[in-house]
Each structure stands twice: as C-alpha cells, then as structure tokens.
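Me: I've got a new structure to go through. Can you walk me through it in short steps?
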Amino acid sequence: MEAYTDQMHLFKSSLPYRPWATDDLASGIRILGREAAARRRYVQPNPPALRTWIVFDVDRAGAAHAWEDANVAPPSWIAVNPANAHAHLAYGLEVPVVTSDAGRLDPLRYAAAVEAGYRRALGADRSYAGLMCKNPLHPDWRVLWGREDRYDLPELAEWLPVLPKPEKRAEASGLGRNVSLFDALRRWAYRTRRSFPGTAEQWAVAVLDRSELLNADFATPLPFGEVKATAKSVAKWTWKHTTAEGFSQWQAGVRHRTGNTTHQLILTELGL
C-alpha cells in the first residue's frame, strides 16, 4: 500500500493548481483549489496547454484489461466504474507535451501519433476530449495502479507495430486536433498574409477568426485557450516572415542550417 500511496501523492501533486472538478458531470464542472478538487469524483488531470497524462476512455465491460488484449504498455493507473466495468486508462509522461505556442511542433506530432495508436489499439472512445477524468483518488472508483515511473514517448511507441498516419482534420481527436489545426491554419495564413491589407493587430484577429472556424470542424472542438495559443503562434510567425524581406531572411537562415533548396523549404514549412 505504501507504493500506491506514493503514486496517489504523485498524481495529486501533478494536478493543475486550480483544476476543473465535479462529482457529477451532468451537473456541470467548476474550478476548485487542488485540495478540494482532489476529493471530487472527476477532475482535470492536465494543466492548460500541457499534457502530463494521456488518458483513454474505454466504454465497455472488461475495459481494465484492454491494454493486455491489445498488447500495449501497462497504464500508469486505471480507474474502473464498478457499476459497468468501463474505465479510464492513463499513461503518465516523464516529459510533458506542450500544446501552446511555447512548445515545438515535432514533439506534439509525435505525441499525437502515439496517442492515436493507443486509442486505436485500446478501442477507446474517439470523442473523449480528455479534459476530465475519473479521479483515481476517489473511493467510488476501483483503481489499479501501475508502475511509479512515468513513460517517455519512444518507450510507449515501442509497443505499437507502426505509428499511424496523421488523421484527417474532420476525423482528428485528442492531440491530433492540435496538430491538424496548426497545419491547416498555417497553410491558410501563408497564402493569405502577403495580400492582407491591415495591421499586425488586425492580422492577429483574422487568424484567430480562421482558427475558430477550423476548430468548429472537429467532432469535439479544442478548448478556446488552445485555439487562441495556436492562432497567436501562427499570426506572429507569418506576420514577420511572409513579407518579401522577412521571407528572404528566414529562407536564408534555414538554408544555411539545413542545406535545403528553396522549394524544399517551402514544402517543409507548410508541412507538405
């Protein structure tokens, strides 16, 4: 039990400072202090724009054994509903994935591919947004604790035969939505910026408007905070680099670092 106590403490300490929480999802969620939130049946496991836990919702009897059936890595913890044997299976990440403009796209792409591979293997709910999870600290759930050490993405990936290809935007879920939104938005912004007649502030508004339209295409849209962060990143980069002078400076810098041709640089930047 001592090991489990340590894992419970680690989960509690990893919660956002003021997470969303509730005892009944149908009654709504509200922001609470960490101590109060940790006593609720459902809690927000990840801070905004950061993925410390990748959580999967498996809505079928025997969900606790989904990882064994799929021959993937053992979860860090499993919270089972004793009434129907449905469960949330969670994997703790040693290095959290940043989903805001402060992060890099390559780790996010990698994490999205790993997440999609596990979702498919586990038969998890594609519409589950991951904002709230069954709180493994709450006595209403039957909780199975796994290893204390968290995973890195390459270790999780080793359990998959192949990493899946990026999902189409309308079908994207989980972290795949962040990647899909970024790719679609930057392609639009790259084409549009050079003929945009307004100021930098007006451009930022236009990019945000476009990002909200793209986000609406997802079956389960991203939270506004993540959409806003992506729009800010794309607006800032394209405003600076897609003038004739700015693009030439960026092109020269990347060519110096990579040795790519101009055509290859454009395709790489656009994700093509």
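Me: What is the strand order in the open sheet of four strands?
Reply: First, a caution: this is a predicted model. The order is β2-β1-β3-β7, and the pairing is antiparallel.

Me: Which strands are at the edge?
Reply: β2 (30–31) and β7 (133–134) are the edge strands. Each of them pairs on one side only.

Me: How many bridges join β3 to β7?
Reply: Two bridges. β3 covers residues 42–43, and the two strands run antiparallel.

Me: And which residue stands opposite Tyr 42?
Reply: Lys 134 in β7.

Me: OK, other strands now. How many bridges join β4 to β6?
Reply: Eight. β4 spans residues 50–58 and β6 spans residues 87–98, and they run antiparallel. Within this pairing, Phe 56 stands opposite Leu 89 in β6.

Me: What about β5 and β6, over how many bridges do they pair?
Reply: Four, again in the antiparallel sense. β5 is residues 77–80. Trp 77 stands opposite Ala 90 in β6.

Me: How many residues sit between the strands in the hairpin of β5 and β6?
Reply: Six. Look at Ala 85 in that hairpin: Ala 85 takes a positive phi near 70°.

Me: Switching to charges. How many salt bridges does the structure hold?
Reply: Seven. One of them joins Arg 51 and Glu 226, with the closest N and O atoms 3.3 Å apart.

Me: Where do Arg 51 and Glu 226 lie?
Reply: Arg 51 lies in strand β4 and Glu 226 in helix α8. The two parts are 175 residues apart in sequence, so the pair ties them together.

Me: Is Arg 51 buried or exposed?
Reply: Buried, because its relative accessible area is 12%, and buried means under 20%. Glu 226 is buried as well, at 8% relative accessibility.

Me: Which residues are linked in a network of salt bridges?
Reply: Arg 109, Asp 183 and Arg 186. Asp 183 bonds to Arg 109 in a salt bridge, with the closest N and O atoms 2.7 Å apart. Asp 183 is in helix α6 (residues 175–193) and Arg 109 is in helix α4 (residues 105–122), so the pair ties together parts 74 residues apart in sequence.

Me: How far apart are Arg 186 and Asp 183 in helix α6?
Reply: Three residues, so about one helical turn separates them. Their side chains meet in a salt bridge at 3.4 Å, N to O.

Me: Now the surface. Which residues gather in the patch of positive charge?
Reply: Lys 228, Lys 232, Lys 236 and Lys 240.

Me: Where is Lys 228 found?
Reply: In helix α8, residues 224–241. Lys 228 is partly exposed, with a relative accessible area of 48%.

Me: Which residues make the nonpolar surface patch?
Reply: Trp 20, Leu 25, Ile 29, Ile 31 and Leu 131. The patch is about 390 Å².

Notes: Residues numbered from 1 in each chain as written. Predicted model: local features only at pLDDT ≥ 70, side-chain atom pairs only at ≥ 80, totals over all residues. Heavy atoms only, no water. Patch = residues over 30% accessible without salt bridge, like charges linked within 9 Å, V, L, I, M, F, W, Y side chains within 5 Å. Areas by Shrake-Rupley, 256 points an atom, 1.4 Å probe, with all protein chains shown as cover. Salt bridge = Lys/Arg side-chain N within 4 Å of Asp/Glu carboxyl O. Lys, Arg positive; Asp, Glu negative; His and termini not counted. Charge placed at Lys NZ, Arg CZ, Asp CG, Glu CD. Buried < 20%, exposed > 50% of the residue type's maximum accessible area, 1.4 Å probe, protein only. Pairing = 2+ DSSP bridges.
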